[in-house]
Amino acid sequence: MLSNIGVPGLILILVIALVIFGPKKLPEIGRAFGETLREFKKSTKGLRDEVLEELEEKKEARKS
């Protein structure tokens, strides 16, 4: 999805965001977006670990 944007598209998005939100608000928005992305990655990793653990338990139960 994002691989099709390219450098010119990314620059255009950043300029539009700068015009809409202003230079003072942009770092706050970036920080909030980064924290949200970090939390999303953390939760998906936790979910993936739970699924893998459950699969391992099922494999061991079949061996017994």
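View 1. Glutamate 60 is exposed, with a relative accessible area of 53%, where exposed means over 50%, buried under 20% and partly exposed in between, with a 1.4 Å probe and protein chains only. This is a predicted model, in which local features need pLDDT of at least 70 and side-chain atom pairs count only at pLDDT 80 or more, while totals for chains, interfaces and linings use all residues. Residues are numbered from 1 along each chain as its sequence is written, and side-chain values use heavy atoms, with hydrogens and water left out. Glutamate 60 is found in helix 2, and helix 2, spanning residues 26-63, is a DSSP run of H or I with at least four residues, numbered from the N terminus. On the surface, Glu50, Glu53, Glu56, Glu57 and Glu60 gather in a patch of negative charge; a patch is made of residues with over 30% relative accessible area and no salt bridge, like charges being joined within 9 Å and nonpolar side chains within 5 Å.

**View 2. Glutamate 50 in helix 2.** Glutamate 50, also placed in helix 2, is exposed at a relative accessible area of 56%. Between glutamate 50 and asparagine 4 there are 46 residues of sequence separation and a C-alpha to C-alpha distance of 33 Å.

**View 3. Salt bridges.** The count comes to 4 salt bridges, each defined as a side-chain nitrogen of Lys or Arg within 4 Å of a carboxyl oxygen of Asp or Glu. Lysine 25 and glutamate 28 form one of them, at 3.6 Å from N to O; lysine 25 is partly exposed at 45%, and glutamate 28 is partly exposed at 42%. In helix 2, glutamate 54 and lysine 58 lie 4 residues apart, about one turn of the helix, and their side chains meet in a salt bridge of 3.9 Å, N to O. A network of salt bridges links Lys45, Arg48 and Asp49, within which the side chains of arginine 48 and aspartate 49 meet at 3.8 Å, N to O.

**View 4. The nonpolar patch and the annotated span.** Leu12, Ile16, Ile20, Phe21 and Ile29 make a nonpolar surface patch of about 470 Å², to which helix 1 (residues 6-21) gives the largest share, 4 residues. Isoleucine 16, found in helix 1, is partly exposed, with a relative accessible area of 43%. An unreviewed UniProt entry annotates residues 6-23 as "transmembrane region", an annotation of a kind that may be inferred rather than shown by experiment. In the model, residues 6-23 are 89% helix and 0% strand, with end C-alpha atoms 23 Å apart.

Technical notes:
Helices (H or I, at least four residues) and strands (E, at least two) are DSSP runs, numbered from the N terminus. Accessible areas come from the Shrake-Rupley method with a 1.4 Å probe; for residues, only the protein chains shown count as cover. Lys and Arg count as positive and Asp and Glu as negative; His and the chain ends are not counted. The place of a charge is taken as NZ of Lys, CZ of Arg, CG of Asp or CD of Glu.
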